[in-house]
Amino acid sequence: MLNTNNLVPGTLTRSRTALALIAATLLVGGSISEASAKSRHHRHHSHHAQKAKSNWMDANAAIRSSGSFSGKASFYGNESGSKTASGQRFNQNAMTAAHRSLPFGTKVRVTYRGQSVVVTINDRGPFIKGRVIDLSTGAARAVGLTGAGVGHVTAEVI
């Protein structure tokens with residue numbers, strides 16, 4: 001415990017006041033920084049959410065009333081064994097694909113550089129701007145897309 005008998009009068013009060021002022025400054029300064037960081041993060045996140053919503057709608061606009069569409073396709077396959085959006089287990093070698101809005105079970109003929117494959121929609125995606133369909137590795141291999149990774153395809157709902 002602090003022995004106050006040997007202190008100069010007023011020193012203890014000034015020390016406590018200074019300590020309280022420093023603590024208050026740190027407390028308020030930390031709160032402001034944290035609040036502004038949260039605010040910046042929230043604005044940044046909502047901007048991306050709005051942008052993602054726009055991308056989703058833009059890609060779906062590519063489907064014509066005839067049931068055909070075209071655009072960039074990619075493929076995926078490192079999720080083998082995990083569940084797809086339809087509830088099925090993902091098999092990278094199956095002839096399946098992900099599309100943003102086509103109903104699960106829809107059959108789609110995908111053509112890339114003259115090679116075609118019929119895939120079944122069982123997942124959602126792709127979630128990258130400008131891409132219209134994500135093929136499983138097996139389906140991409142069937143049309144020769146695995147070398148390029150991404151390519152322009154035409155697709156027709158059958």
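Residues 24 or more positions apart account for 67% of the contacts in the protein chain with a separation of 6 or more. The model is predicted, and the mean pLDDT of the protein chain is 75, with 59% of its residues at 70 or more. The secondary structure comes to two helices and six strands, in the order α-β-β-β-β-β-α-β from the N terminus.

**Confidence**

- Within the protein chain, strand β3 (residues 107-112) has the highest confidence, at 97.
- Helix α1 (residues 11-60) has the lowest confidence, at a mean of 48.
- Over residues 30-62 the pLDDT stays under 50. For this stretch the model has twelve contacts beyond four places in sequence.

**Surface and burial**

- The protein chain has 158 residues, and 28% of them count as buried.

**The largest nonpolar core**

- The largest nonpolar core has 19 residues.
- The residues with the most contacts inside this core are Phe 69, Val 108, Val 110, Val 119, Ile 133, Leu 135 and Leu 145.
- At least two residues of this core come from each of β1 (68-76), β3, β4 (115-123), β5 (131-136), α2 (137-143) and β6 (150-157).

**Val 119**

- Val 119 sits in strand β4.
- Val 119 counts as buried because its relative accessibility is 0%, and the cut-off for buried is under 20%.
- Leaving out residues up to four places away in sequence, Val 119 touches Met 95, Thr 96, Ala 97, Thr 106, Lys 107, Val 108, Val 110, Leu 135 and Ala 139.
- Two residues on this list, Val 108 and Val 110, are also among those with the most contacts inside the largest nonpolar core.
- Val 119 and Ile 158 are 39 residues apart in sequence, and their C-alpha atoms are 10.0 Å apart in space.

**Thr 106**

- Thr 106 lies in the loop between β2 (96-98) and β3.
- Thr 106 counts as buried because its relative accessible area is 13%, which is also judged against the cut-off of under 20%.
- A polar atom of the Thr 106 side chain lies 2.6 Å from the backbone oxygen of Pro 103.
- Apart from neighbours within four places in sequence, Thr 106 is in contact with Val 119, Thr 120, Ile 121 and Val 157.

Terms used:
Residues numbered from 1 in each chain as written. Predicted model: local features only at pLDDT ≥ 70, side-chain atom pairs only at ≥ 80, totals over all residues. Heavy atoms only, no water. pLDDT = per-residue confidence, 0-100. Helix = DSSP H or I, 4+ residues; strand = E, 2+ residues; numbered from the N terminus. Contact = heavy atoms within 4.5 Å. Buried < 20%, exposed > 50% of the residue type's maximum accessible area, 1.4 Å probe, protein only. Core = buried A, V, L, I, M, F, W, Y, C linked by side-chain atoms within 4.5 Å. Polar contact = N/O pair within 3.5 Å; in protein donor to acceptor, adjacent residues only side chain to side chain.
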